[in-house]
Amino acid sequence: APADSSAITDAASAALAVSAALGVGMSYFAFICRASVSATCFTILGNVCKVLTVFINVVIWDKHASQEGLACLAVSLVAAALYQQAPKRTPADAAYARVAISTGEKG
């Protein structure tokens, strides 16, 4: 009898199981890493892993991200590196904001 083309093969089932196991393992070790280092260090580690993954992809395979896609990745990583959290408000700034809101003042 001809094989049903929609049936899942043993190889596909094995690949799915290995992929799921690796995903669970990555999540587990990410939680351990996150608990061991600062949030900044964890974010930097994640960005470095992304860059390494893209670099390996470009080196190994001929079908990878376009030059435009790689440029967009570089811009987003530079923007992430330059990002700074907004400074905390001083009590005087917070009080001014409450007064401005209550009186309808626009600043």
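This is a short tour of the chain, stop by stop.

**Whole chain.** Start with everything shown. The model is predicted. Colour by pLDDT: the chain averages 83, and 90% of the residues score at least 70. Switch to cartoon view. You will find 4 helices and 0 strands. Read from the N terminus, the order is α-α-α-α.

**Helices H1 and H4.** Select residues 10-36. This is helix H1, with the highest mean pLDDT among the elements of the chain, 93. Now select residues 91-103. Helix H4 has the lowest mean, 72.

**The nonpolar patch.** Select Ile44, Val48, Leu52, Phe55, Ile56, Val59, Ile60 and Trp61. Together these residues make a nonpolar surface patch of about 830 Å². Pick out phenylalanine 55 next. Phenylalanine 55 sits in helix H2, which spans residues 39-60. Is this residue buried or exposed? Its relative accessible area is 55%. The cut-off for exposed is over 50%, so phenylalanine 55 counts as exposed.

**The cysteines.** Show the sulfur atoms. The structure holds 0 disulfides. Select cysteine 33. Its nearest cysteine sulfur belongs to cysteine 41, 6.7 Å away. Move to cysteine 49. Here the nearest cysteine sulfur is that of cysteine 33, at 8.6 Å. Cysteine 49 is in no disulfide either. How accessible is cysteine 49? At 41% relative accessibility, cysteine 49 is partly exposed, because that value lies between the 20% and 50% limits.

**The aromatic pair.** Finish with tyrosine 28 and phenylalanine 29. The structure holds 1 aromatic pair, and these two residues form that pair. Two values describe such a pair: the distance of the centres and the angle of the planes. Which geometry do the rings of tyrosine 28 and phenylalanine 29 have? Their centres are 5.1 Å apart and their planes stand at 80°. Planes over 60 degrees apart count as edge-to-face, so this pair is edge-to-face. Tyrosine 28 and phenylalanine 29 are both exposed.

Terms used: Residues are numbered from 1 along each chain as its sequence is written. This is a predicted model: local features need pLDDT of at least 70, side-chain atom pairs count only at pLDDT 80 or more; totals for chains, interfaces and linings use all residues. Side-chain values use heavy atoms; hydrogens and water are left out. Patches are made of residues with over 30% relative accessible area and no salt bridge: like charges are joined within 9 Å, nonpolar side chains (Val, Leu, Ile, Met, Phe, Trp, Tyr) within 5 Å. Accessible areas come from the Shrake-Rupley method with a 1.4 Å probe; for residues, only the protein chains shown count as cover. A salt bridge is a side-chain nitrogen of Lys or Arg within 4 Å of a carboxyl oxygen of Asp or Glu. Helices (H or I, at least four residues) and strands (E, at least two) are DSSP runs, numbered from the N terminus. Buried means under 20% relative accessible area, exposed over 50%, partly exposed in between (1.4 Å probe, protein chains only). A disulfide is a pair of cysteine sulfur atoms within 2.5 Å. pLDDT is the predictor's confidence in each residue, from 0 to 100. Rings of Phe, Tyr and Trp (its six-membered ring) pair if their centres lie within 6.5 Å; planes under 30 degrees apart count as stacked, over 60 as edge-to-face and the rest as tilted.
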